[in-house]
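This report describes selected features of a structural model.

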Amino acid sequence: MNPTMENAIIEARDLTVTYGGNQALAIPHLAVGRGELVGVVGANGAGKSSLVNALLGWSRGAPRVTGTVYLAGEDISRLPTFVRVRKGLLLIPEGKLVFGTISVEDNLLSVGAIEAKGRHLYSIAEIYDLFPRLKERRHHLGAELSGGERQMLGIARALRLGPSALLLDEPSIGLAPRLVSTVLATVRQLADAGLAVLLVEQNVRAAIEVVDRLVLIERGRIVAEGPAAAMRDDPRIAEAYLGAHAA
Amino acid sequence: MNLAQQLLNGIVLGHAYALLAIGWTVLLGVARLVNFGHGQMYMLGAFVTWYAGARLGMPYLAAGAMAITAGMVIGYIMQRIMLRLTLKQDLVTIMIVTLGFGYVLQGAAGLVFGSTGQILETPLSRIDIYWGDLWFTWQDIAIIVVAMLFFAALKYVIEHTGVGRIARMVAEDPALALLSGINVKRVYLGVFAFEGAAVALAAVMVAPRTPILTSMGFDEVIITFAVVVLGGIGSIAGSYFAGLALGLFTAFFGAFVAPAYTTAAAFAVLIAVLAIRPRGFAAAPGSR
Ligand SMILES: Nc1ncnc2c1ncn2[C@@H]1O[C@H](COP(=O)(O)OP(=O)(O)O)[C@@H](O)[C@H]1O
Ligand SMILES: [Mg+2]
């Protein structure tokens, strides 16, 4: 089967994720276009991480994944994770997202052998322009960084590998409110620069301010999907996640 | 019994032990793997060197290169077979598989090389040096020099090069390394090939000191195990000093107490040290 959405950078069809017999995710179709920022929201355990991890064929557990994933029209479902990464599909995972025992600068030195045709590999100087804080901390170990600095380093590490699609799994978790808006503003900026971005968030209130589209997942299924403005008024979102009753 | 002579013996033996253990140190530090076939791989390295020299008439350097290449190939093949276990970090099965692999190597070596002991002579081991009342050979000097150079080079590579950075990333978090575009399987294969080459290098250098037997693998793996554990699981500098300490201990204990009980005494010390300092002399790079 060929990808159906014309300019989709990342597209998934009939994606399922199963952990030891329990299906955690079943999604018929999802696509993110160039320059588009799509938010994925839903309660704890809804299947958000399972979704972004499955797009890379990656997990810290041992799930069974079926379905087809396209990157810029190419079927990448059979490729190992590290090859998908080298082709420009980058994930900043939930939880541990930087190397703690090596320095910030070492975290940022790229691994080489990247197929970068038509993609922008950020230089270290560009990274430090984008995140001046990382420059100040460049000789510190990854483990010495604060939560916000780790998110910056996670994003920076991905940018060094020249992403065409960027997947972020709950970048705002545990951050102070001011930092949440800084991180999300950076994510918006990256989408505006042309990346396809899939942003997993529990902080729906903050996410809805920056995303183009919002996808609501419950128990592994997409239950609502649409432009941010329309979703703001959707009663399922308004009641459960924005803490207000729809007008 | 001459004190200075024992000190010298201990230093030579210590560098020999450190060299013997370095492959396993890297294996443990980078890949969190064990290889209980390590001793038999050492034995094979010694016999390949001996065969290439004594039977094929190759010069020592060429014979050594051949043994190191053979070690690298065997390490690679071994990891190829175990890769799925490695990715699951199934340590118990890996332990048994490598132990079994070692005994297969020993059996095969027995068939090919026979069960009689051989003397591995090199141009360096034939030259005795007398210096005051000290006696040693050029081989002893070569062991010390090669061990020092090898450890220094390895420490440099791990700490200051791209390859070393990738090794440290895989050591800390293989799953996260995949998300950085690192081919983790290839790192594991490379580390095992390095382990095979390193233990063969140790054999090329050290085996000429004593007669070689196809059954000598077990003693070698025991010493390696002691050095690696004492050195702090995966620490390169730690292994160097642990090897040296064990060499000195063995030399002095053997000379002044009783040579027959040296191994037993070494393990008594090992147990005592671990009871006091459970992580050995140093912490591992990327240790959890
Ligand atoms: N490694 C795993 N092993 C078994 N079940 C898992 C694993 N990871 C997630 N799950 C299950 O899959 C479902 C979805 O989890 P997850 O994708 O982490 O949700 P979210 O990211 O939305 O919180 C949950 O029911 C969770 O218990
Ligand atoms: Mg999650």
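## Surroundings of Leu145(A)

Leaving aside residues up to four places away in sequence, Leu145(A) touches Val98(A), Arg137(A), His140(A), Arg150(A) and Leu153(A). The model is a predicted one. Leu145(A) lies in the loop that runs between α5 (132-136) and α6 (147-160) of chain A.

Leu145(A) counts as buried because it has 21 C-beta neighbours inside 10 Å, the cut-off for burial being 20 or more. Leu134(A) is 11 residues away from Leu145(A) along the chain, and the C-alpha atoms of the two are separated by 9.4 Å.

## Positive phi angles

Glu170(A) has a positive phi, near 50°, and is a residue other than glycine. Its place is the loop between β7 (165-169) and α7 (177-192) of chain A. Glu170(A) counts as buried, since 21 C-beta neighbours lie inside 10 Å.

In chain B, Gln89(B) is not a glycine either, yet its phi is positive at about 55°. Gln89(B) sits in the loop between α3 (60-88) and α4 of chain B. With 11 C-beta neighbours inside 10 Å, Gln89(B) counts as exposed, because a residue with 12 or fewer is placed in that class.

## Contact between the chains

Chain A contributes 20 residues to the contact and chain B contributes 17 residues. On the side of chain A that touches chain B, the largest share is four residues, and these come from helix α2 (residues 81-86) of chain A. Sorted by class, this side of chain A holds 11 nonpolar, four polar and five charged residues.

## Helix α2(B) and its packing with α4(B)

Helix α2 of chain B covers residues 38-55. Its 18 residues reach 25 Å from the first C-alpha to the last, close to the 26 Å expected at 1.5 Å a residue. The helix is mostly covered, with 15 of its 18 residues buried.

One packing partner of α2(B) is helix α4 (residues 91-113) of chain B; the two pack at an angle of about 25°, and their axes are 8 Å apart. α2(B) is therefore roughly parallel to α4(B), since angles under 35 degrees are classed in this way. Their crossing is left-handed. From α2(B), the residues Gly39(B), Gln40(B), Met41(B), Met43(B), Leu44(B), Phe47(B) and Tyr51(B) meet Gly102(B), Leu105(B), Gln106(B), Ala109(B) and Phe113(B) in α4(B). The residues of this contact comprise eight nonpolar, four polar and no charged.

## Packing of α2(B) with α9(B)

α2(B) also packs with helix α9 (residues 217-230) of chain B, at an angle of about 125° and with the axes 7 Å apart. The two helices are therefore oblique to each other. α2(B) passes α9(B) in a right-handed crossing.

On the α2(B) side, the contact is made by His38(B), Gly39(B), Gln40(B), Tyr42(B) and Met43(B); on the α9(B) side, by Gly217(B), Phe218(B), Asp219(B), Glu220(B), Val221(B) and Thr224(B). By class, the contact of α2(B) with α9(B) has four nonpolar, five polar and two charged residues.

Helix α5 of chain B has 23 residues (138-160), so at 1.5 Å a residue it should span 33 Å; the end C-alpha atoms are 32 Å apart, which agrees. Its buried residues are Gln139(B), Asp140(B), Ile143(B), Ala147(B) and Phe151(B). The elements covering these buried residues include α1 (3-31), β2 (134-137), α8 (184-206) and α10 (236-256) of chain B.

The axes of α1(B) and α5(B) come within 9 Å and cross at roughly 45°. This angle makes α1(B) oblique to α5(B). The crossing in which α1(B) passes α5(B) is left-handed. Ile11(B), Val12(B), His15(B), Ala16(B), Ala18(B), Leu19(B) and Ile22(B) form the α1(B) side of the contact, while Asp140(B), Ile143(B), Ile144(B), Val146(B), Ala147(B), Phe150(B), Phe151(B) and Leu154(B) form the α5(B) side. By class, the contact of α1(B) with α5(B) has 13 nonpolar, one polar and one charged residues.

Conventions
Residues numbered from 1 in each chain as written. Chains lettered and ligands numbered in written order. Predicted model: local features only at pLDDT ≥ 70, side-chain atom pairs only at ≥ 80, totals over all residues. Expected span 1.5 Å × (residues − 1). Contact = placed C-beta atoms within 7 Å. Axes fitted to C-alpha atoms, helices over the stretch in contact; angles between N-to-C directions. Parallel < 35°, antiparallel > 145°, perpendicular 65-115°, else oblique. Left-handed = near helix turned anticlockwise from the far one by under 90°. Nonpolar A, V, L, I, M, F, W, Y, C, P; charged D, E, K, R; others polar.
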